[in-house]
Amino acid sequence: MSSMYDTREFRRGLKVLINNDPWVIVDFQHVSPGKGAAFTRTKVKNLRTGQVVEQNIKSGDKLEKPDVEERNMQFLYADADGFNFMDTANYEQISLTNLEVGDTKNYLIENSVIKVVFFNGKPIGVETDTFVELKVVETAPGVRGDTATGGSKPATLETGLVVSVPFHINEGDVLRIDTRENVYVDRVSRK
């Protein structure tokens, strides 16, 4: 694989280097206007800061491949200094700050294995799966038979994340959550 990506090689999830910073392509669209040169309208997310921006990149332009590596690491615990992880291959431990972990903290469960992103050999953040399963630790009691009214209530999950759920969800239920939008998808199991 080359160290440069042509606009024709763009795909969601592709990591690229823009202004010496690592970015991931969130969305893109090839545009061929009637006048002028074709370009690719690209929405990218900064892997360090989480900032999302839209950029137009001329067709045929190339973007560099960043020195990005993902390592499976076990989340150990969070403390006042940050979030602590252990490399499952060599048992090396690292700590990431609140800024580096960002909203991903809503999906970190002690002892779970998660991908830690390294840029130029330094840890810069974590990536979660698109869907995660979390247990409800607090919500109002479920209402029997009330499954199709379309209403919702707040539920606090084991990581502290609060999501809106249907009335029939109870404490102890395990839910599938979409990490892109922080929303309830469905119930995986009952307590």
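How many helices and strands are there in the chain? There are one helix and 16 strands. Helices here are DSSP runs of H or I with at least four residues, strands are runs of E with at least two, and both are numbered from the N terminus. The model is predicted, so local features need pLDDT of at least 70 and side-chain atom pairs count only at pLDDT 80 or more, while totals for chains, interfaces and linings use all residues. Residues are numbered from 1 along each chain as its sequence is written, and side-chain values use heavy atoms, with hydrogens and water left out.

Start with the overall form. The C-alpha trace spans about 60 × 50 × 25 Å along its principal axes. Of the 191 residues, 37% count as buried. Buried means under 20% relative accessible area, exposed means over 50%, and partly exposed lies in between (1.4 Å probe, protein chains only).

Next, the domains. The chain divides into domain 1 (4-64), domain 2 (68-127) and domain 3 (131-187). These bounds come from an automatic or database domain assignment. Domain 2 and domain 3 have C-alpha centres 26 Å apart. Five residues of domain 2 are in contact with 10 residues of domain 3, where contact means heavy atoms within 4.5 Å.

Now look at one residue. Leu 76 sits in strand β7 (residues 68-79). Is Leu 76 buried or exposed? Leu 76 is buried, at a relative accessible area of 17%. Beyond its neighbours within four places in sequence, Leu 76 contacts Asn 84, Phe 85, Met 86, Gln 93 and Glu 110. Glu 110 is 34 residues from Leu 76 in sequence, yet their C-alpha atoms are 5.3 Å apart.

Finally, two loop residues. Most residues other than glycine have a negative phi. Asn 19 is not a glycine, but its phi is positive, about 50 degrees. Asn 19 lies in the loop between β2 (15-18) and β3 (21-31). With 72% relative accessibility, Asn 19 counts as exposed. Asn 120 also has a positive phi of about 50 degrees without being a glycine. The loop that holds Asn 120 runs between β10 (113-119) and β11 (122-127). Asn 120 counts as partly exposed, at 47% relative accessibility.
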